[in-house]
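Open the model in your viewer and keep the selection panel at hand. This tour goes from stop to stop and says what to select next.

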Amino acid sequence: MDDVLTGLLRPKGIAIIGASTTPGKIGHTVVKNLIESEYQDGIYPVNPSADEILGLKVYKSVLDIPDRVDAAVITVPAKFVMGVTKECGEKGIKGLIVITSGFSEVGDVKLEKDIVKLANNYGMRVLGPNVVGTLSNSDSLNASFAPFLPLNGNASLVSQSGALLIAIDAITYTRRIGFDKLVSIGNTSDVNFADMVDWLDEDENTKCISLYIEGLRDGRRFIDESAKAKKPIVVLKAGVSEHGAVAAASHTGSLAGSQKVYGAAFQQAGAIQATDLSDLFDCTLALSLEPPMKGDNLLVITNGGGVGVLATDSAEKEGISLKFAPGSVQEELKKHMPSFGSAKNPVDLTGMAGNDWYHDTTKFSFAHDWVDGLVVLYCETAITNPLEIAQSIHTAVKETGITDKPITVSFVGGERSDKAMQWLVENGIPAYNAPDLAVRAMGTLREYARLQSMKAEPIKEIHDIDREKAHEIISKARADNRTGLTEIESKEIFKAYGLPVVKTTLAKSEDEAVSLAEEIGYPVVLKIVSPDILHKSDAGGVKVNMQNESDVREAYQNILKNAKNYKADASIHGIVVQDMAPWGTETIIGSVNDPTFGATAMFGLGGIFVEVLKDVTFRVAPISEKEASVMLDEIKGAPILDGVRGEAPSDKKALAVVLSSYAYMISDLVDEVAESDANPVLVYEQGKGVKIVDARIILKK
Ligand code: ADP
Ligand code: MG
């Protein structure tokens, strides 16, 4: 565990620099909050022109404090922060909590950087600037201007928005979802989300890490730290609207967008992405109290048909559709319901269900091997007492002694149900006021298990790479002042990384084209090679299925003529003659460099509709083969690869190998390649592999 961060977030001794005697000022509020939270390890207000604040002795400078001080909360104006940082460094302080604003968020990047540099030189870390502060129940520490410590719980939240953090602090009491720590991370000038994930993963009082993120600075490190974490992570990402998809030369560029890439990155990080603030709370509650759901068998127990149907719908949406339990399970359950009940799934105990039936069916089901996760629903009735039902469920779960299987609960009713749910949460069982939310919570626990299993998959690496060849081609283009590589150059780089490109050769004359065609064997394909023509078919620059010498001669002349018509001054390297690949399902593999995450790999169905349908999926490269297969199944058009209307299923295995190898290539060449694609990649039936017939690489400027 990082000692410096521990000093910052769980300080022994804290100074408030800019402490104020004036109530209402932030420098006063922080002192007051520290006192009210009953922080025990020494509160030291610093202000050159005051003697006492709220009964505490005030120091002229941190250097005058005789005791140990681990953290300093800084509230002085931006222009004084540099000087204060120096004093803190000399005092041996570990971390600065810079509440002061007026730095990079208003354009003053340099001052912010200089402060961080100075602080780091002293071995200090900086939280912020532009933060609310940090709060910790387990340390009785409210080092912030948020009014009180949150409701106690075992999740911790890091928020990039200060206002939202203060709101969440208050919401914890109305939603009855508790947190141990709330950390305002502000401008992330130094301490960033990756640092926080790493540190909270080791924090003994945190069971679930919740993040509100507006933007990440070092995306790759965030993925790596999160993937390493042993604790569940829930993320709410703000600003998921499409942007940054600037008009790009390749297909991939126009298909990428921050939303898709962030979504992919969170999956790879093993983090659950919440859909909204409410969902962030719901997911946090489930993940902070329950273990992952390790299989797909979900059983729902209810006393009302309506909520059962709602749960059934929600289960399908969450990818954990209800299945009937085995006959033996149904037989046992039938003993605890009237004859008109149902032992199928949902198990409908009917409105006659009281404490005992709830207890007995919960206990039996939760303990049964077939059940991977249990959702218990209850509609308030006149003949039952919600709190007693809650206690019956709780007792049943405890009696099984099982702790590695999840349960979630929903009570639908009024005040009595609300109280009963509050009791359940306080006793360690997540409860929600709508059946679909209890099922969604279970879906989250299932997703968490799935993401955990993906983490174990090894990243695909390629070992015998002809890097020299790849860099030779890149250098040649650079020497010509080109960023666009031609098809033949791009394919040679692909080939250097072992990707299955069709045999492609360059002809400089008609006669050469004929002899190359003869060498390759008919049928062949001829295409224009020009750095000025990126979309070759648009320029009449592609002739497929050339069967003999006269076809080749005619195509050669036609292509040249078409190219001239298309762009009179196009520089023409020649014409490629290549193997004609048999027809297969057209797919596209592409890449762009994301400003946050670096090289990202894209997969989708190819052909002319790709830009309209945008049915593509992304991952941050490199990836595992398993991750690549998940990508193949993720697009809407996935059934096409499985074979529709009597078509044979495609060779998804080979495609996943190619996709993951490609991802390795683009991450290996991340410093050189800005965008690339293989379009189309033809996929054949199972066992027959894939062929890349067109390739394009665009270098970084
Ligand atoms: P561009 O994308 O620049 O227009 P392509 O090289 O992708 O040019 O060629 C256009 C189309 O021609 C491809 O989508 C594919 O259907 C077909 N094609 C190209 N090369 C081959 C080949 N070697 N074998 C079979 N079909 C090919
Ligand atoms: Mg193409």
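## Stop 1: the ligand

Select ligand 1 and Asp694: an oxygen atom of the ligand is 2.9 Å from an N or O atom in the side chain of Asp694. Keep in mind that this is a predicted model. Now show the ligand's surface. On its own, ligand 1 has 540 Å² of accessible area, and the protein covers 83% of that.

Between an N or O atom in the side chain of Ser537 and an oxygen atom of ligand 1 the distance is 2.3 Å.

How many residues surround ligand 1? There are 18, and the closest are Lys527, Lys536, Ser537, Gln578 and Ala581. Colour the shell by class: nine residues are nonpolar, four are polar and five are charged.

Switch to cartoon. Four strands each supply at least two residues of this shell: strand 21 (524–529), strand 22 (542–546), strand 23 (574–579) and strand 27 (673–683).

## Stop 2: the pocket that holds the ligand

Hide the ligand and look at the space it leaves. Which pocket does ligand 1 take up? Its space is the second largest pocket. The volume of this pocket is about 720 Å³. Its lining has 27 residues, and Ser537, Glu586, Asn679, Pro680 and Asp694 are the closest to its centre. Strand 21, strand 22, strand 23 and strand 27 each give two or more residues to this lining. Strand 27 has the largest share, with three residues. By class, the lining has 12 nonpolar, seven polar and eight charged residues.

Stay on strand 27 and select Asn679 and Pro680. Is the peptide bond between them cis or trans? The bond from Asn679 to Pro680 is cis, with omega near 5°. Pro680 itself is placed in strand 27, and Asn679 and Pro680 are both among the residues closest to the centre of the second largest pocket.

## Stop 3

Select Tyr522 and Pro523. The peptide bond from Tyr522 to Pro523 is also cis, with omega near -5°. Where does Pro523 sit? Its place is in the loop between helix 19 (510–520) and strand 21. Most peptide bonds are trans.

## Stop 4: the largest pocket

Clear the selection and go to Gln267, Gln273, Glu447, Arg450 and Glu634. These lie nearest the centre of the largest pocket, which is lined by 28 residues. Which elements give two or more residues to this lining? They are helix 9 (258–269), strand 14 (272–273), helix 16 (435–455) and strand 26 (616–620). Helix 16 gives the most, with seven residues. The volume of the largest pocket is about 870 Å³. Colour the lining by class: seven residues are nonpolar, nine are polar and 12 are charged.

## Stop 5: the cavities

How many cavities of 30 Å³ or more does a search of the whole structure find? It finds two.

Begin with the largest cavity, which holds about 100 Å³ of space. It is lined by 13 residues, and Leu485, Thr486, Glu487, Ser530 and Ile533 are the closest to its centre. Seven of the lining residues are nonpolar, two are polar and four are charged.

Now select Thr188, Asn192, Phe193, Ala194, Leu216, Arg217, Asp218 and Phe222. These residues line the second largest cavity. The space in this cavity is about 50 Å³. Its lining divides into four nonpolar, two polar and two charged residues.

## Stop 6

Finish at Asn130. Is its phi positive or negative? The phi of Asn130 is positive, at about 70°, although this residue is not a glycine. Most residues other than glycine have a negative phi.

Note on methods:
Residues are numbered from 1 along each chain as its sequence is written. Chains are lettered from A and ligands numbered from 1 in the order in which they are written. This is a predicted model: local features need pLDDT of at least 70, side-chain atom pairs count only at pLDDT 80 or more; totals for chains, interfaces and linings use all residues. Side-chain values use heavy atoms; hydrogens and water are left out. A residue is near a molecule or strand if one of its heavy atoms lies within 4 Å of it. A polar contact is a pair of N or O atoms within 3.5 Å; within protein, one must be able to donate a hydrogen and the other to accept it, and residues adjacent in sequence count only if both atoms are side-chain atoms. Accessible areas come from the Shrake-Rupley method with a 1.4 Å probe; for residues, only the protein chains shown count as cover. On a 1 Å grid over the protein atoms alone, a cavity is a set of points where a 1.4 Å probe fits but cannot get out, and a pocket is an open set with protein on both sides within 12 Å along at least five of seven lines; lining residues have an atom within 4 Å of a point. A molecule sits in a cavity or pocket if more than half of its atoms lie within 2 Å of its grid points. Ala, Val, Leu, Ile, Met, Phe, Trp, Tyr, Cys and Pro count as nonpolar, Asp, Glu, Lys and Arg as charged, and the others, Gly among them, as polar. Grid points are joined across faces, edges and corners, and a volume is the space filled by probe spheres set on the points.
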